[in-house]
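Student: Before I use this model, I would like to go through the terms applied to it and the values behind them.

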Amino acid sequence: TQVNILLNYNRKKEIILTKIVKELLTKMGFKIIRVSIEALKDCNKYADITAEDKNGVKYLVEIKAYREDYGITKREFSQLLRYMKKEEINQGIYITTSNTKKCNFENIKFINGNALIELLKINELDIYLTALEIIVCDQHHEDKLYIFVVRSLLIRALLIRVLLVRI
């Protein structure tokens, strides 16, 4: 049915964006402690990612795949605040594909769509820019998203093969 197709599509967007953010945080020096969608126990019952910075400070990370023009409200930030309170972690990072301009909570670092694109470029993860573009579109681009993921995996495999041949 259409509802199942939509739910499946949204789930794929969530999984792909989480993988992108996980790789970005790792490149930025964070140690990934837990990824909710990869967890065998209590999947999706906590923040999307639990990470630790270079100084040992823990962060809960909430990730949202929204349209560019989606306006994030206080309610969306409240979910992350509840997780932070429950886990007794004082710092949070809210990452979204939306271009909402601000977050009014001092203990939450806010990364909107534009900032996410810049961070991907700075950290040499440009390969994911096409995926972000597809994620923020209103229409169903499930086939494009699937092709992008397969192409990305093939490019990585090719790069690994080239590097191994040089060794």
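Terms and values

Tutor: The protein has 5 helices and 5 strands, and the model is a predicted one. From the N terminus on, the order of the elements is α-β-β-β-α-β-β-α-α-α. Of the 167 residues, 39% count as buried.

Student: Where is Asp48 found?

Tutor: Asp48 sits in the loop between strand S1 (31-35) and strand S2 (49-52).

Student: Why is Asp48 said to have no salt bridge?

Tutor: A salt bridge needs a side-chain nitrogen of Lys or Arg within 4 Å of a carboxyl oxygen of Asp or Glu. For the buried Asp48, the nearest side chain of opposite charge is Lys64, at 5.4 Å.

Student: What does the side chain of Asp48 reach?

Tutor: The backbone nitrogen of Ile63, at 2.6 Å. The cut-off for a polar contact is 3.5 Å, so the pair meets the distance condition. Beyond four places in sequence, residues in contact with Asp48 include Arg34, Val61 and Ile63.

Student: In helix H3 (residues 113-122), which residues are buried?

Tutor: Gly113, Leu116, Leu119 and Leu120 are buried. Viewed down the axis of H3, the buried residues fall within an arc of 120 degrees, so they line one face of the helix.

Student: What makes Asn112 a cap of H3?

Tutor: A side-chain oxygen of Asn112 lies 3.2 Å from the backbone nitrogen of Asn114, at the N-terminal end of H3. With a cut-off of 3.5 Å, that distance qualifies. After H3 comes Glu124, which has a positive phi, near 55 degrees.

Methods: Residues numbered from 1 in each chain as written. Predicted model: local features only at pLDDT ≥ 70, side-chain atom pairs only at ≥ 80, totals over all residues. Heavy atoms only, no water. Helix = DSSP H or I, 4+ residues; strand = E, 2+ residues; numbered from the N terminus. Buried < 20%, exposed > 50% of the residue type's maximum accessible area, 1.4 Å probe, protein only. Lys, Arg positive; Asp, Glu negative; His and termini not counted. Polar contact = N/O pair within 3.5 Å; in protein donor to acceptor, adjacent residues only side chain to side chain. Contact = heavy atoms within 4.5 Å. Arc of directions from axis to C-beta.
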